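Welcome! Take a moment to turn the model around before reading on.

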2 protein chains.
Amino acid sequence: MASTPSLEKLTALLRRLPGIGPRSAQRLALDLLLRKRELMPALAEALLQAHQAIRHCQRCNNLCEAELCSLCAGGHRDQSQLCVVESPADLLAMEAAGVYRGEYFVLLGHLSPLDGIGPEALHLDLLARRLAEAGLQEVIFATNSTLEGEATAQFIASLIPPGLRVSRIARGIPMGGELEYLDRQTLGRALQGRSALDW
Amino acid sequence: MASTPSLEKLTALLRRLPGIGPRSAQRLALDLLLRKRELMPALAEALLQAHQAIRHCQRCNNLCEAELCSLCAGGHRDQSQLCVVESPADLLAMEAAGVYRGEYFVLLGHLSPLDGIGPEALHLDLLARRLAEAGLQEVIFATNSTLEGEATAQFIASLIPPGLRVSRIARGIPMGGELEYLDRQTLGRALQGRSALDW
């Protein structure tokens, strides 16, 4: 064997990360050992620290290191709007865009009957508690524009108590999108969702 | 801030790995936290273990966890042939191919004057010790077929004591290669290195 036990072990674990195949795993391990050795203890420390410290916000399910995430604890967001997203990554994307001032609820998943993922995976009891809070006026679904995302939004929308406005972020052609290269569904949705020219 | 300090830290460190951009780093960190939490302590442990245990073979420079690597210590390889490669990854590729029974020397780099990498980076003193060992008959250069790899092979070849056979692995069209898609240099080399049909 030309490799070593510790190298094999490290490579095998790196391979379990998403998008990392056997080649990439070996390349990562060797790069760490040969060129970035000082990174190894630091990365180990960061993994343990994140593993120990990070949990879910008791109110919105976002990742946090306390009882509540910084968005829920800060009290500086518009509590009348609640944006429902599938994952913390989606929440981060919305925040990075800087286009939304309301609060979030993170489902941590989506309905996918084929994969055996039903409503019990969606933390609906936590969502129900949030929906019951005073001051909420609108629930905005920002689940992915996939079959699962759409089904999830529709299912949850059916559970929302009357009196709340329920909306879905628009589906249509993306900025910079060229009609020539867009698929049928996107064009269909864009046409369906057309709005009056108001300038 | 919608993220957390531990998550930011982990993402920043993952970003320093080769081929991992900001998006991938975030995806890796979130995937670990949301879906592969049990992997985090294991990966931390493997990083620390590899960092502590892995060093270079005192004879051939390959990665190992003892004085000598398993190939040098095993004594079951043909000591009359020495294959010179640039990196442990190249050695592993040769071993995976299972086509070579001799020993190796790992340069841990290549000459690259433009990047300020000169002969001092190539562990030539260790190579000199290996070349002086009794029983060696042939040195086979298997450095990459790049400008740097070729220059490195030529430079080291010029230092090899007389009496040893010196060779270079063949350059030509790869198996399955279609002439139509190969570059000029490859075709030129393949023509230059043609051999008599002997069947």
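This is a predicted model: local features need pLDDT of at least 70, side-chain atom pairs count only at pLDDT 80 or more; totals for chains, interfaces and linings use all residues.

Chain B can be laid onto chain A by a rotation of 180 degrees with 0.0 Å of shift along the axis, and the RMSD is then 0.1 Å. That is the relation of a two-fold axis. Where does chain B come closest to this rotation axis? Look at Ala44(B), whose C-alpha lies 2.0 Å from the axis. Of the interface residues of chain B, 100% are also interface residues in chain A, so the copies meet through the same surface.

Within chain A, there is a division into domain 1 (5-53) and domain 2 (68-196). The centres of these two domains of chain A, taken over C-alpha atoms, are separated by 34 Å.

**Helix pairs across the chains**

| Helix of chain A | Helix of chain B | Angle | Axis distance |
|---|---|---|---|
| Helix 1 (residues 5-14) | Helix 3 (residues 39-53) | roughly 150 degrees | within 9 Å |
| Helix 3 (residues 39-53) | Helix 3 | about 160 degrees | 8 Å |
| Helix 2 (residues 22-35) | Helix 5 (residues 88-97) | about 140 degrees | 10 Å |

Let us begin with helix 3 of chain A and helix 3 of chain B. Their axes cross at about 160 degrees, which makes the two helices roughly antiparallel. The crossing is left-handed. On the chain A side, the residues in contact include Met40(A), Leu43(A), Ala44(A) and His51(A), and on the chain B side they include Met40(B), Leu43(B), Ala44(B) and His51(B).

With an angle of roughly 150 degrees, helix 1 of chain A is roughly antiparallel to helix 3 of chain B. Here too the crossing is left-handed. What classes of residue make up the contact of helix 1 of chain A with helix 3 of chain B? They divide into 10 nonpolar, two polar and one charged.

The remaining pair in the table joins helix 2 of chain A to helix 5 of chain B. At about 140 degrees, helix 2 of chain A is oblique to helix 5 of chain B. Gln26(A), Leu30(A) and Leu34(A) meet Pro88(B), Ala89(B) and Leu92(B) there.

How values were computed
Residues are numbered from 1 along each chain as its sequence is written. Chains are lettered from A and ligands numbered from 1 in the order in which they are written. Side-chain values use heavy atoms; hydrogens and water are left out. Copies are superposed by least squares on the C-alpha atoms of residues with pLDDT of at least 70 in both. Contact means heavy atoms within 4.5 Å. Domain bounds come from an automatic or database domain assignment. Axes are lines fitted to C-alpha atoms, for helices over the stretch in contact, and angles run from 0 to 180 degrees between N-to-C directions. Helices (H or I, at least four residues) and strands (E, at least two) are DSSP runs, numbered from the N terminus. Angles under 35 degrees count as roughly parallel, over 145 as roughly antiparallel, 65 to 115 as roughly perpendicular and the rest as oblique. A crossing is left-handed if the near helix is turned anticlockwise from the far one by less than a right angle, and right-handed if clockwise. Ala, Val, Leu, Ile, Met, Phe, Trp, Tyr, Cys and Pro count as nonpolar, Asp, Glu, Lys and Arg as charged, and the others, Gly among them, as polar.
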